[in-house]
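Here's a quick tour of one fold, taken piece by piece. Have the sequence and the 3D view open as you read.

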Amino acid sequence: MSNTIDVSLTVNSEQYKRSIEPRLLLSDFLRHELGLTGTHVGCEHGVCGSCSVLFDGQPIRSCLMFAVQANGHEIQTIEGLGTIDHLHPLQEAFMEAHGVQCGFCTPGILMTLVPFLENNPDPDEKEIRAAISGNICRCTGYQNIVDAVKLAAQKMSMRSEP
Ligand code: FES
Ligand code: FES
């Protein structure tokens with residue numbers, strides 16, 4: 001008897017159908033079933049934030065969910081954020097303000113920040129630090145990340161001006 005469950009979900013605006021084991025983590029589903037390896041896996045128990053993706057627009061830790069729980073839902077990963085030719089303002093700002101060093105934490109931090117900046121387009125430093133307090137970065141010391149978020153907020157406000 002097959003021990004798999006059929007799921008259908010949307011990832012980065014594309015529809016996927018798969019037959020998967022119920023114990024498969026969403027992070028492993030994204031990486032191994034769909035090949036979306038931009039979602040990184042660090043601690044695998046909800047602490048580091050590197051596996052963060054958007055689940056129906058809200059940031060979640062994909063290592064703390066089973067892929068079957070995403071059945072019928074919409075996921076956005078870092079691969080859906082921008083393209084090489086059209087980077088998201090957050091991606092541009094992290095590049096320009098040196099918010100990236102090894103880059104391991106970066107996808108999770110960016111996916112955490114997308115809804116944060118949508119809800120808070122002009123954040124101060126304290127708010128930015130609170131927003132990324134669930135994301136561990138071992139390289140940057142966080143200051144360049146904070147500067148990059150401020151720069152991204154400026155870029156986004158300029159783009160939304162008429
Ligand atoms: S890998 Fe999911 S929170 Fe660390
Ligand atoms: S840039 Fe290396 S962990 Fe954040």
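## A hairpin to start with

Let's begin where Val53 stands opposite Ile60 in β4. Strands here (E, at least two residues) and helices (H or I, at least four) are DSSP runs, numbered from the N terminus. Another facing couple is Phe55 and Gln58, the latter again in β4. Four bridges hold β3 and β4 together in the antiparallel sense, where pairing means that DSSP finds at least two bridges between the strands. The two strands make a hairpin with two residues between them, and Asp56 in the turn has a positive phi of about 50 degrees.

Before going on, a word on ground rules. This is a predicted model, so local features need pLDDT of at least 70 and side-chain atom pairs count only at pLDDT 80 or more, while totals for chains, interfaces and linings use all residues. Residues are numbered from 1 along each chain as its sequence is written, chains are lettered from A and ligands numbered from 1 in the order in which they are written, and side-chain values use heavy atoms, with hydrogens and water left out.

## The other hairpin and the whole sheet

β1 and β2 run antiparallel too, joined by seven bridges. Ile5 stands opposite Ile20 in β2. This pair also forms a hairpin with two residues between the strands, and here Asn12 is the turn residue with a positive phi of about 50 degrees.

Now put the strands together. They form an open sheet of five in the order β2-β1-β5-β3-β4, with mixed pairing. β2 and β4 are the edge strands, each pairing on one side only. From one strand to the next, the twist averages 40 degrees. Angles run from 0 to 180 degrees between N-to-C directions, and axes are lines fitted to C-alpha atoms, for helices over the stretch in contact.

## Helices on the sheet

α1 packs on the sheet and touches β1, β2, β3, β4 and β5, its direction making about 105 degrees with that of β2. Contact, throughout, means heavy atoms within 4.5 Å. Which residues of helix α1 (residues 26–33) are buried? They are Leu26, Ser27, Asp28, Phe29 and Leu30, with buried meaning under 20% relative accessible area, exposed over 50% and partly exposed in between (1.4 Å probe, protein chains only). The cover over them includes β1 (5–11), β2 (14–20), β3 (52–55), β4 (58–61) and β5 (74–76). After α1 comes Gly35, with a positive phi near 75 degrees.

Helix α3 (residues 106–119) lies across β3, β4 and β5, and runs at about 35 degrees to β3.

Setting aside residues up to four places away in sequence, Ser27 touches Val41, Ser62 and Cys63.

Thr77 sits in the loop between β5 and α2. Thr77 is buried because its relative accessible area is 0%. Beyond its neighbours within four places in sequence, Thr77 is in contact with Val11, Asn12, Leu30, Leu36, Thr39, Val53 and Met111.

## α2 and its two partners

Two packed helices are described by the angle between their axes and the distance between the axes. For α2 (residues 89–96) and α5 (residues 143–160), the axes come within 8 Å and cross at roughly 135 degrees. The two helices are therefore oblique to each other; angles under 35 degrees count as roughly parallel, over 145 as roughly antiparallel, 65 to 115 as roughly perpendicular and the rest as oblique. On the α2 side, Pro89, Leu90, Glu92, Ala93, Phe94 and Glu96 meet Ile145, Ala148, Val149, Leu151, Ala152, Lys155, Met156 and Arg159 of α5.

One of these, Met156 in helix α5, is partly exposed because its relative accessibility is 24%. Met156 touches His88, Pro89 and Leu117, not counting residues up to four places away in sequence.

With α3, the axis of α2 comes within 10 Å and crosses at roughly 125 degrees. That makes this pair oblique, so α2 lies oblique to α3. Leu90, Gln91 and Phe94 of α2 make the contact with Thr106, Ile109, Leu110, Leu113, Val114 and Leu117 of α3.
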